[in-house]
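Here is a friendly walk through some helix packing and the core around it. Have a look at the model first, and then read on.

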Amino acid sequence: MKSQHPVGVPANDDGKPRRSDLTLRVWSAAVLIPLALVVTWWGGLPSFLLVALVSAIVFAEWANIVGRSPRLLPSTTDVSVGIAFVALSAIVAGLQGFGAGLAVLVAGIVGVALLSRSAWLAGGVAYAGLLGVCLAALRSDGAEGLTAVVVLLVLVWGTDSFAYFAGRTIGGPKLWPRVSPKKTWSGSIGGLVGGVLLAALTAMLFGVRVGPVLVLVLALLSIVSQAGDLFESAIKRHFDKKDSGCIIPGHGGMMDRVDGLIFAAIGAALIGALHGGNHHIGQGLLSW
């Protein structure tokens with residue numbers, strides 16, 4: 001959710017994003033969203049490499065935010081090792097399964113903790129690495145992997161977009177002003193309703209039976225994705241940072257774009273693994 005103000009977009013005096021920034025955001029989205037969907041559809045190693053790349057960028061931005069790296073490209077051993085383990089864990093999760101990916105990620109967390117003596121940097125390995133491990137594990141499900149990832153992406157994008165427009169249109173009481181001053185309850189509820197509706201329709205288009213339990217699961221993941229957005233805002237506020245980076249024109253950093261997806265992917269993978277087992281995570285998420 002990026003409600004009420006698009007993160008990373010300079011605003012006019014009235015708080016509205018400048019037209020040129022909105023145009024840049026639209027063009028960036030027009031390139032990145034189809035790319036993400038095509039690679040997701042393709043599956044296999046290309047999709048695992050993409051999530052590994054995204055996760056590695058998120059960790060590099062995290063390292064910069066917490067003051068352990070002056071720029072996106074790593075210049076210290078601990079950050080380089082963290083990036084390597086974050087990327088490797090996603091690839092291993094896709095090729096060898098959820099448990100194997102988690103084992104590699106835990107090794108990376110321990111290694112970075114020992115090298116850096118920084119709980120913040122080690123925490124960043126967990127934060128970024130879980131995104132890659134969970135998405136790769138979901139996509140590796142041969143039966144429902146594609147559907148599960150597409151439904152999850154639509155859910156998070158829908159929650160983000162509907163929250164933004166509902167918040168700006170309706171306004172009202174603030175959600176958590178100390179962490180994110182412009183987010184409102186109306187935006188949060190609008191994002192929840194709109195995101196779940198879009199995700200449910202997408203699931204139906206893929207032939208998934210949408211019953212009450214699946215709707216509840218989607219609603220839970222929508223709320224979790226909004227919590228992920230607030231978590232990232234709290235981290236940036238703690239370290240007095242406005243954006244996580246500037247790698248995506250008009251949007252800011254990669255972390256700004258996938259903050260909700262990180263928490264939602266973790267929730268989806270846990271639900272899928274508990275319900276369907278480690279080798280049928282996608283099916284476990286969708287089949288109720």
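## Ground rules

This is a predicted model, in which local features need pLDDT of at least 70, side-chain atom pairs count only at pLDDT 80 or more, and totals for chains, interfaces and linings use all residues. Residues are numbered from 1 along each chain as its sequence is written, and side-chain values use heavy atoms, with hydrogens and water left out.

## Helices α2 and α3

Helices here are DSSP runs (H or I, at least four residues), numbered from the N terminus. Two packed helices are described by the angle between their axes and the distance between the axes. For α2 (residues 44-65) and α3 (residues 77-96), the axes come within 8 Å and cross at roughly 155°. That makes α2 roughly antiparallel to α3, a label for angles over 145 degrees, on a scale from 0 to 180 degrees between N-to-C directions. Their crossing is right-handed, meaning that the near helix is turned clockwise from the far one by less than a right angle.

Contact means heavy atoms within 4.5 Å. Among the residues that meet are Phe48, Ser55 and Phe59 in α2, and Gly82, Ile83 and Leu95 in α3. By class, the contact of α2 with α3 has 16 nonpolar, three polar and no charged residues; Gly counts as polar in this scheme.

## Helices α3 and α5

How do the axes of α3 and α5 cross, and at what angle? They come within 7 Å and cross at roughly 20°, with α5 spanning residues 119-139. The two helices are therefore roughly parallel to each other, the term for angles under 35 degrees. This crossing is right-handed.

## The core and a buried serine

A nonpolar core is a set of buried Ala, Val, Leu, Ile, Met, Phe, Trp, Tyr and Cys residues joined through side-chain atoms within 4.5 Å. The largest one has 66 residues, of which Val58, Leu131, Leu152 and Leu285 touch the most other members. Helix α2 gives the most to this core, with twelve residues. Leaving out residues up to four places away in sequence, Leu152 touches Leu135, Leu138, Leu221, Leu261, Ala264, Ala265 and Ala268.

Ser47 also lies in α2. Its relative accessible area is 6%, so Ser47 is buried, which requires under 20% with a 1.4 Å probe. Beyond its neighbours within four places in sequence, Ser47 is in contact with Val39 and Arg139.

Note on methods:
Angles under 35 degrees count as roughly parallel, over 145 as roughly antiparallel, 65 to 115 as roughly perpendicular and the rest as oblique. Buried means under 20% relative accessible area, exposed over 50%, partly exposed in between (1.4 Å probe, protein chains only).
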